[in-house]
Structures are given as C-alpha cells and as structure tokens.
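Today I am opening my notebook on salt bridges. Come along and look up a few pairs with me.

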Amino acid sequence: MKKISLTGIKPTGTPHLGNYLGAIRPALELAKDYDTVYFIADYHALTTVHDGKEMADNIHKVAATWLACGLDPEKGLFYKQSDIPEIFELSWALSCFTPKGFMNRAHAYKAKVEANRANGEDLDTNVNMGLYCYPCLMDADILMFNADVVPVGKDQKQHVEFARDVAIRFNKQMGKDVFVVPEPLIQETTDVIPGLDGRKMSKSYDNTIELFLDEKARKKKVNKIVTNSLPLEAAKDPDTCNVFNLFKLFATPEETAALAETYRAGGMGWGYAKGELQRVLERTFGEAREKYNDLMAHPDRIDEILHAGAEKARPIAREHMDKVREVLGYGKSF
C-alpha cells in the first residue's frame, strides 16, 4: 500500500506564481507516489477572516485554483475542513493531551506577541483563542486521516513536530497505536521566487503575479518587473536578472539555455526577455485559466466537488474517531 500524504490549503486571497511553485505544483506531484489527501483549511482562515462573503469567495478561489492546476478529485480525498465535524471533536480530545507550553511556542502566536511587544502594546492585543489554539486543530487535521507524511517548507516543520509529539503522547497514554506518527516531508527547494521588484514574491510586498490573469493584464504585470539600465547592445548576465530567474522556472532546459545565450550575446532588449516570459507563462496557465474561470462562473460545481469529497472523507473520519472515543471510554458515536 502507498503511504498517505496530507496537504492543507488555507483559503486566503488570490494565489500567485509563488504559491504555485512553492506549494501547488510540488503537492500535486506527490500523487505519483502517495495516496493523497488535500483539504481546504477554512476554519484555520477564521483566525483572520471574519467576513462570510470574503470567506466563501476565498474558498471557491483556492479550490478552483487547485482543480484548474490539475488536482483530480476522483483520486484521493479533496474536501473542506468545515465539512468534517469529527475533526473538531478530535481537536478537543487532542487539546487535553497538549501541554500549554506547546501553544506558547507556536510560531504564529509568538510572532504576534513579538509584534505587539515591538509596538509597545499589550502582548495579547488582537490575539484570539483561535490563533492561540490553532496547533490543536492542525494536529487533528493531520492525525485524523493517518497521514504518513505532510509536505511543508522548512519554516513550517514545527506544525508536524507538534502533531508527532501529541500522537506519541496519546499512543503511550492509551497503551496502543491509535494514531500514525507523521513525518514532515520537507520541500528542499531553495529557489526564492522573485517578485516584480526582485524581492521574494509575496502579497505583503504587493509584488505578485497572479496565476490566472488574462494575457493583457499579465503583460502589464510582467512589464513592471524591475531590470537594470544596460543598453540594448550590451551583453547581459541572465543569472542576475529577475525576468530570467522567473522564466527558467517555467521554460524547458532548451529554452532556458537559448535565452541565456541571447542575454550574453548582446543586442537583446528587456522587452524581448519579458515577451519570452509572457510566452511561457501563457503556455503554462492559458488552459488552466479557462478552467479556473469556468469554475468561478459556476461556484455550485465547486461546492458539488467539495461535498462529494466530504462524503468520501467522513466515513473514514467517523471510523477513526470511534476508535478514539472507545479508548477514551466514551464508546462509539450514534
């Protein structure tokens, strides 16, 4: 049997190229070697999003993005976290096995506290209990479906470490292996996805290129990419160019080598390089954009896919939760 990989997808904002390269593409490639579980972490988003219309729109956007990029809902599981009530029951049970010190060390909570400290504010300003306790819910997300591996970046390893510790603690206390102890699957890529200004592509820097812009809007964004002031006739170094560093992430090795040679030969203007980037981006996302737009025009289809995924996931969750209830002394649920 294949091992199980689990990926959580937080619905916040419109996905961009950095999200695709850093999370979407590598997570979808796991379907080749693992039985995959993908879920929309909509209750995690509730720590910051308190507008119902915005939440619903974000859920549809992120689900449509992953479906358009190649997620096959017929293979593995694809569901909304909020559609699996057993996850929230498990979250409470796990919280009773979780030391408060864990919560104090959680990265998101610590970052908020330090920001308050730096601003001279009360350390608990704008810290809701959802933010403070979210590791318990994340543990339930991971442990409910017996995930063997959880793909994460190096800065997110703590999430899986918490789940591992709680699983080991629970299993030891109960005297049986109720939970699979997960392993982090570290995304070792060291590529920093350059944004329009050369810094890491990030919504916080307002330097992103969204995935499904139409050709005209994307061209406008690509033309904003910062380049140097070398004249057309000058030879240029592709390795120090923001345009080229984006291009090579979507181009074939042959295309990458050819454009690098053009840079070094001189006689190339930045308009040509940006046109080549626009070409490979359209090739990569043109068809996906049509699927995305069609799904967003028919959100009921997205809901149907997510509901169908929940119908597949809930019996698994219910069976596992019954095992947890039994060892805790509650018996099976009705």
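Entry one. I looked up Arg117 and found that it forms a salt bridge with Glu114, with the closest N and O atoms 3.1 Å apart. A salt bridge here is a side-chain nitrogen of Lys or Arg within 4 Å of a carboxyl oxygen of Asp or Glu. Arg117 and Glu114 are three residues apart in helix α6 (residues 107–118), so about one helical turn separates them. Helices are DSSP runs of H or I with at least four residues, numbered from the N terminus. Arg117 is partly exposed at 46% relative accessibility, and Glu114 is partly exposed at 42%. My cut-offs are: buried under 20% relative accessible area, exposed over 50%, partly exposed in between (1.4 Å probe, protein chains only).

A note on my source: this is a predicted model, where local features need pLDDT of at least 70, side-chain atom pairs count only at pLDDT 80 or more, and totals for chains, interfaces and linings use all residues. Residues are numbered from 1 along each chain as its sequence is written, and side-chain values use heavy atoms, leaving out hydrogens and water.

Entry two. I turned to Glu89 and Arg325, whose side chains meet in a salt bridge (2.8 Å, N to O). Glu89 lies in helix α4 (residues 85–95) and Arg325 in helix α13 (residues 299–328), so this pair ties together parts 236 residues apart in sequence.

I counted up: the structure holds 16 salt bridges.

Methods: Helices (H or I, at least four residues) and strands (E, at least two) are DSSP runs, numbered from the N terminus.
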